[in-house]
Amino acid sequence: MGKSKLSQFTKLGDHYLENETAAQFQLMKKATRKDGIQIQLISAFRSFTRQKEIFEAKFLKLQQTNLSEMETIRQITQYSSIPGTSRHHWGTDIDLIEKRSTNHKVEDVLQPNHFKKEGIFSNLHLWMQENAASFGFYLTYTNNQERTGYEYEPWHYSYIPKAKVYLQEYLELNMAKKLNSEKIKGLENMDVNFFEKYISDYVEGINSSLR
Ligand SMILES: [Zn+2]
């Protein structure tokens, strides 16, 4: 749920990752450098508290428009998770870009267009398509039309050996009930059924190799 202690993780610069994920990430980083690509972590482990801040800030901002509560939540969850449900809570997942001197703000960096052919991160994307799996990293939110949940995220990778295990453990917890008892702005009126559906659409709406 993102409530683990930071001391359990490996620190890489400003970011924290699960220990094996961190070691494999470092190996992959070395390999990209050999091929002239400098990768940069945008996001790794994220705590429940941080995810709650992100979610609630977006909720308050969108509530200034005429959107209903449900529609607001649907908009936020195109790319952002309900706190307690993000794979970033596990330390096995990363958001990745290529380091370059641009004036892009972080919000503008994570755009699918940048990863397309001719996009600023197309080299990284191609490299990852060819090599990431040999280090255990798989794209999580693919552009498969049959996938439910989040939009296509060509920057988000999971370290499969650990993430697969964590997913199974996560799905065995009674998360819908746990989430229903958290005080999260925007979700006060939601019931256990809402969270159950959310978990099945979003948490399970991933690249089928990761299940
Ligand atoms: Zn991510």
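**Exercise 1.** Identify the protein donors of the zinc ion and state how they are arranged.

*Solution.* Step 1: In this predicted model, local features need pLDDT of at least 70, side-chain atom pairs count only at pLDDT 80 or more, and totals for chains, interfaces and linings use all residues. Residues are numbered from 1 along each chain as its sequence is written, and side-chain values use heavy atoms, with hydrogens and water left out.

Step 2: Donors are N, O and S atoms within 2.8 Å of the metal (3.2 Å for Na, K and Ca); water is not among the atoms, so sites may look incomplete. The zinc ion has the protein donors His88 (NE2), Asp95 (OD), Asp95 (OD) and His156 (ND1), at 2.0 to 2.7 Å.

Step 3: The angles between the four donor atoms run from 52 to 150°, so the arrangement is irregular. Four donors count as tetrahedral if all angles lie between 85 and 135 degrees; four count as square planar and six as octahedral if opposite donors are over 155 degrees apart and all others between 65 and 115; anything else is irregular.

**Exercise 2.** Determine whether aspartate 95 and histidine 156 are buried or exposed.

*Solution.* Step 1: Buried means under 20% relative accessible area, exposed over 50%, partly exposed in between (1.4 Å probe, protein chains only).

Step 2: Aspartate 95 has a relative accessible area of 5% and is therefore buried. Histidine 156, at 2%, is buried.

**Exercise 3.** Describe how strand β4 is joined to β6.

*Solution.* Step 1: Strands (E, at least two residues) are DSSP runs, numbered from the N terminus; two strands pair if DSSP finds at least two bridges between them.

Step 2: Strand β4 (residues 93-98) runs antiparallel to β6, with three bridges between them. Opposite aspartate 95 stands histidine 156 of β6.

Definitions and conventions: Helices (H or I, at least four residues) and strands (E, at least two) are DSSP runs, numbered from the N terminus.
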